[in-house]
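Please look over the sequence and the structure shown here before reading the briefing.

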Amino acid sequence: MSKVANQINARFKVSYGAFSLDVDLALPGRGVSALFGTSGSGKTTCLRVIAGLERASDAYLEVNGEVWQDDARGIFLPTYKRSLGYVFQEASLFPHLDVKRNLEYGMRRISTTSRQVSLDHAVALLDIGHLMQRKPDKLSGGERQRVAIARALATSPRILLMDEPLAALDAKRKSEIMPYLERLHDELDIPILYVSHSPEEVARLADHLVLLESGKVIASGATNDLLTRLDLDVAHGDAASALVTATISAHDPDYHLTSATFSGGQLLLPQQSATIGQQVRIRVQARDVSLSLTPQRDTSILNIVAATVTELSADAAGQVMVGLDANGTRLLARITSKSCVAMDLVPGKALYAQIKGIAILK
Ligand SMILES: Nc1ncnc2c1ncn2[C@@H]1O[C@H](COP(=O)(O)OP(=O)(O)OP(=O)(O)O)[C@@H](O)[C@H]1O
């Protein structure tokens, strides 16, 4: 396998009794790749193999041009020689050290010249400057996790591995920490492998998605491509949704609305603080999209987008999931089978998608 500077290649097998994990992945060398799957599908084992904590067989692992493991050539770098940061579900800070010392501990073994993320940058990114003198037991769960992330970054890793970093937090703390994770996504040059079984986290953070099922990779690709692929389970059911990348184009303070343009036209959103020209990610849930063969004018729905049917697939009883293309952006609509027949929907049919609810993710 040839070395690729801006890519992660991971190929390995692990087996524990009846469970076997067999993956062959090529992931982008930048941005967030989410490993998504039900409990027991092998997500944590993948991270542990990449970290060198689990010994796999037939393994080849290369991170942005550095080979960490190649069983065919007898290469196996132990964990301490792999430049990685690992963030677990529960922050594992040293209880007897304050935040500052916890951070410094991680930095000790990294020479100044090989640092890719400075301690100051990590502290600023996670906004923990005011917590430096505190011991871990005087921090909230969310603060502890921010410190754990900063500590992982302070080792100046070439890759950040995060294993359900929000799983141990309640809903309020989760929403407090999410903006920091989004900041990591926007500002770090290193790739992040993010394990999750939350569709919400994946929709907000992931650029690339890997779907794992019983130790096998079911699909791997750009997040919206997978979320809208009707042959996959993620594109079905009540939580199915599509992501739209849009640019803020105007604010209308009189009506408390913000408009954003995307490939399929314009969307109106509840007023946002985002600046004009800023790129945003918007989630459109399939259950919030209805379809019409003509553009409706006498309706309270503000967002009506011209689209073409690409695919139809049976969903829950009496429901059909309709794949749509809005001039290059894929959307989903979940409608009743009765409407599907009445509208005579077939691939290629031009229609209008009426979007009732819309959530801006960032
Ligand atoms: N050290 C081990 N010895 C034996 N079996 C193991 C070991 N570690 C994991 N397993 C098994 O391997 C399978 C995959 O586990 P893994 O923790 O990777 O899944 P996961 O997708 O991360 O799950 P979760 O979302 O619950 O954390 C499970 O069936 C688990 O019981």
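This is a predicted model: local features need pLDDT of at least 70, side-chain atom pairs count only at pLDDT 80 or more; totals for chains, interfaces and linings use all residues.

Residues are numbered from 1 along each chain as its sequence is written.

**Domains**

- The domain assignment gives domain 1 (7–227) and domain 2 (241–360), the bounds coming from an automatic or database domain assignment.
- The centres of domain 1 and domain 2, taken over C-alpha atoms, are separated by 33 Å.
- Their contact takes 4 residues from domain 1 and 5 residues from domain 2, where two residues are in contact if their C-beta atoms, placed from the backbone, lie within 7 Å.
- On the side of domain 1 that touches domain 2, helix α7 (residues 223–227) gives the most, with 3 residues; helices (H or I, at least four residues) and strands (E, at least two) are DSSP runs, numbered from the N terminus.
- The residues of that side of domain 1 divide into 2 nonpolar, 2 polar and no charged, with Ala, Val, Leu, Ile, Met, Phe, Trp, Tyr, Cys and Pro counted as nonpolar, Asp, Glu, Lys and Arg as charged, and the others, Gly among them, as polar.

- Not counting residues up to four places away in sequence, Ala-34 touches Tyr-194, Ser-196, Val-202, Leu-205, Ala-206, Leu-209 and Val-210.

**Ligand shell**

- Among the residues that surround the ligand are Tyr-16, Phe-19, Lys-43 and His-197, a residue being near a molecule if its C-beta atom, placed from the backbone, lies within 6 Å of it.
- The shell around the ligand divides into 2 nonpolar, 8 polar and 1 charged residues, and helix α1 (residues 43–50) gives the most to this shell, with 3 residues.

**Gly-323**

- Gly-323 has its place in strand β18 (residues 319–326), and Gly-323 counts as buried because 22 other C-beta atoms lie within 10 Å (the cut-offs are 20 or more for buried, 12 or fewer for exposed, and partly exposed in between, with C-beta atoms placed from the backbone).
- Leaving aside neighbours within four places in sequence, Gly-323 is in contact with Thr-228, Leu-230, Thr-310, Glu-311, Arg-330 and Leu-332.
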